[in-house]
2 protein chains.
Amino acid sequence: MDSSFTRIKGGVGAPQGFHTSAVSCGIKNPASDRLDLALIHSTVPCSSAGTFTTNRVKAAPVRVSQSHLRKGDLRAIIANSGNANACTGVQGITDANAMCDGVAKPLGLKRSEIGVCSTGVIGLPMPMVRVEPKYGELVAGLGPKNGSDVAAAIITSDTRAKEVAISFDLGEHRVRIGGCVKGAGMISPSMATMLCFITTDANVPSECLRKAVLECVEESFNRITIDGDMSTNDTVLVLANGASGMPALRRNSGLCKQFRAGLHFVMLELAKAVVRDGERVTKFVTVKVEGARTYLDAKKVAEAVCKSALVKSSWNGGDPNWGRIIHAVGYSRARIREELVDISIGGKAACIGGLQADTPMDDLREAVAAPEFEIVISLNQGDAGYVMYSSDLSPEYIDFNRSEYAYWKQARKDGLV
Amino acid sequence: MDSSFTRIKGGVGAPQGFHTSAVSCGIKNPASDRLDLALIHSTVPCSSAGTFTTNRVKAAPVRVSQSHLRKGDLRAIIANSGNANACTGVQGITDANAMCDGVAKPLGLKRSEIGVCSTGVIGLPMPMVRVEPKYGELVAGLGPKNGSDVAAAIITSDTRAKEVAISFDLGEHRVRIGGCVKGAGMISPSMATMLCFITTDANVPSECLRKAVLECVEESFNRITIDGDMSTNDTVLVLANGASGMPALRRNSGLCKQFRAGLHFVMLELAKAVVRDGERVTKFVTVKVEGARTYLDAKKVAEAVCKSALVKSSWNGGDPNWGRIIHAVGYSRARIREELVDISIGGKAACIGGLQADTPMDDLREAVAAPEFEIVISLNQGDAGYVMYSSDLSPEYIDFNRSEYAYWKQARKDGLV
């Protein structure tokens, strides 16, 4: 961790001027009292930026939030878990708009100042009948809280809420960046199946914020993969309200770079937290590709290795199977030469020049037995590199994802299908 | 099945003039007496053609067979299971050449008339000390047998030997095509992790054979996927010896097309057999994409759906989860419009125009409960289509692939690592 950042508590509630709230609607299961509807609100105007799934099948809230982000600066975000509001057609758009309206009015905001996000099962209409009665309670609950209510309300198959916050000096002012994220399955580069909300009280003009968000997402959330499936709902939204009292950052200034470093730190922490909490994941694996001819070649190699079912199975089994790694390197479509490839696992040579290294197998097994380890793939053909953060694939992952039938049964009870 | 083809027994031994043999070397496990070294031999000169893995990491026998196929016409194939002879460097090439020499001399052939194939674990040297003493027994065992010895000797994680043979009239002559295949894991389009040998007594000149093989592989083996991993050893070798007595086929003639139809039938049967015998597979799923703007768009959609871990998990669970299918359609990078997409499962509408169809969920569950079913994805944007043959992904697949450590332990006993 860069020593200039201090970890603080409070997630998205940590920056000044941001209030949060969460309530329980029973969206997925009417009998449950877990939090499933969250609200983040800046008490003062904000600049905002975001990135969205590149899946051509986009959930209704993604379409609505994209449109709102273009129209003006967001000041609040409403988000639910339990239903993705994806593949829901015109009704889905109506419902996403209604969720914006439901909080815009009591907050005295325009609909276009609200971002809306949903996560959960695809293809079933939102049970609005259980959401609508809760807007009042949601808005009434707003306050300078610690943000953990939002982090808790947006998770689905995650095993834990994931949030981080830091404070650091930007020129003469102390600023804060806080974030939370949900995501555990359907996680792949080019946006994971996830929602991520980040708030900051730094004073960051929109253009500057947009550029920083794009760059930081590329180096964090676009570097992780759990199961290689890209979702219909992925969204990162960042709100900057300047409540720290600092003057506005100037584009390309040194302070702007410092802010970007803080944003990068928060996003990378959250991205890694997503992998560590991946569905039935037992290993966190950093895959570093070095010595590629081009950045794109390095990326292709990293993605092929991190997505290979056979490689991920071997990690699950604690097997330092470099043969499967090099086979994925080979089919990655990157320009590689087998006889130049070196692979190390946990700092120990597994493969040198395309051949088995003489490291004792037990040493390599020890490296893979750790819950977190690093694999370095040196192509020895150039200077380009790429890093990805991946996980194993477990029998329990498949078992966990075998059926979503329960959702349909509930939807039928609700008269939605 | 085209009524002009008659199924016959005998696999690669069915065509006239092909002899087969197989012996047990204990390549993977010295204590085992299962067949693991096979030989196919044409008693008369042949034309030959083949296709190989496009993985940039290529096993030594792939490199040697590619070279031999360019030099001249193969007349024999030696193949082993238990060790892939991949990532074995110069020693691997030496060993693959030695396997060719080992049978070339007693058969009175040149080294370049032998094709050589290996399948098994990657990265360990071939235990030649157990292979070399067996050449004599292997060649001595050659005879007009039923070919099932070859089919049995090449399998690894397969649960059964896979072979097919047909006879049909080509002009005034009856000809035969026989084939066998191995492959169960590391199966992906652009060649599966598999070996496939096909023999025919039709008289097919090399150029004509090469063209037919390329076309038929594209429509069979390149259409299947089990786990999305492309191997280092994939090989299809076809030998045509003309022993049926027919005159040589003329290029682009009607008879040439008839031969191609027969070859296509045999390859597609073998390709489907590979999927049905995929590692811990419980479902055989045909995915038909229709109405795409281009062939490439249709292919992208089919491949994304067939490779999605989440889609495959739902098939394993008997869950007719069209939401996961359309999410994979969306990230396939094909040009699709969500609101035009129809999806049917087992002939029943699951999704119409991007929205849930009103087919009762129990009807869809019934369709997915079958061991084999078809999914049709209609993009409604054009006339192009593509078909793939895929499987589910089971917890047992991951469990099965967690560790290959036993191989290393044996290799250490053998003094190879």
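1. Two strands pair if DSSP finds at least two bridges between them, and strands themselves are DSSP runs of E with at least two residues, helices being runs of H or I with at least four, all numbered from the N terminus. With that in hand, look at strand 17 of chain B, where A384(B) stands opposite A292(B). The partner there is strand 12 (residues 284-292) of chain B, which pairs with strand 17 of chain B in the antiparallel sense over seven bridges.

2. A word on what you are looking at: this is a predicted model, in which local features need pLDDT of at least 70 and side-chain atom pairs count only at pLDDT 80 or more, while totals for chains, interfaces and linings use all residues. Residues are numbered from 1 along each chain as its sequence is written, and chains are lettered from A and ligands numbered from 1 in the order in which they are written.

3. On confidence, the model scores ipTM 0.73 and pTM 0.79. Chain A has a mean pLDDT (the predictor's confidence in each residue, from 0 to 100) of 89, with 94% of its residues at 70 or more. Please keep an eye on residues 188-192 of chain A, where pLDDT stays under 50. For that stretch the model has 25 contacts beyond four places in sequence; two residues are in contact if their C-beta atoms, placed from the backbone, lie within 7 Å.

4. Back to strand 17 of chain B (residues 384-391), which also pairs with strand 10 (residues 224-225) of chain B, this time in the parallel sense and over two bridges. Within that pairing, T225(B) has S390(B) as its bridge partner.

5. Chain A has an open sheet of seven strands in the order 10-17-12-16-13-14-15, with mixed pairing. Its edges are strand 10 (224-225) and strand 15 (355-356) of chain A, each pairing on one side only. At the strand 15 end, strand 14 (residues 348-352) of chain A pairs with strand 15 of chain A in the antiparallel sense over two bridges, and I352(A) stands opposite L355(A). Helix 11 (residues 361-369) of chain A packs on this sheet, touching strand 13 (342-345), strand 14 and strand 16 (372-378) of chain A. The direction of helix 11 of chain A makes about 115° with that of strand 14 of chain A; angles run from 0 to 180 degrees between N-to-C directions, and axes are lines fitted to C-alpha atoms, for helices over the stretch in contact.

6. Strand 12 (residues 284-292) of chain A pairs with strand 16 of chain A in the parallel sense over seven bridges, and E290(A) has S378(A) as its bridge partner. Strand 13 of chain A runs antiparallel to strand 16 of chain A, and four bridges join them; here I343(A) stands opposite I377(A).

7. Chain B also has an open sheet of six strands, ordered 1-7-8-9-11-4 and with mixed pairing. Strand 1 (6-7) and strand 4 (47-52) of chain B are its edge strands, each pairing on one side only. Strand 8 (residues 173-182) and strand 9 (residues 195-200) of chain B pair in the antiparallel sense over six bridges, with K182(B) and L195(B) as bridge partners. Helix 1 of chain B packs on the sheet, touching strand 4 and strand 11 (235-240) of chain B, and its direction makes about 145° with that of strand 4 of chain B. Helix 7 (residues 254-276) of chain B lies across strand 7 (162-170), strand 8 and strand 9 of chain B, running at about 165° to strand 7 of chain B.

8. Helix 1 (residues 60-71) of chain B also packs with helix 2 (residues 89-107) of chain B, at an angle of about 55° and with their axes 8 Å apart. That makes the two helices of chain B oblique to each other (angles under 35 degrees count as roughly parallel, over 145 as roughly antiparallel, 65 to 115 as roughly perpendicular and the rest as oblique). Residues making the contact include A60(B) and V64(B) of helix 1 of chain B and G92(B) and C100(B) of helix 2 of chain B.

9. Lastly, helix 9 (residues 309-316) and helix 10 (residues 322-331) of chain B pack at about 160°, with their axes 9 Å apart, and are therefore roughly antiparallel. L310(B), V311(B) and S314(B) of helix 9 of chain B meet R324(B), I325(B) and A328(B) of helix 10 of chain B.
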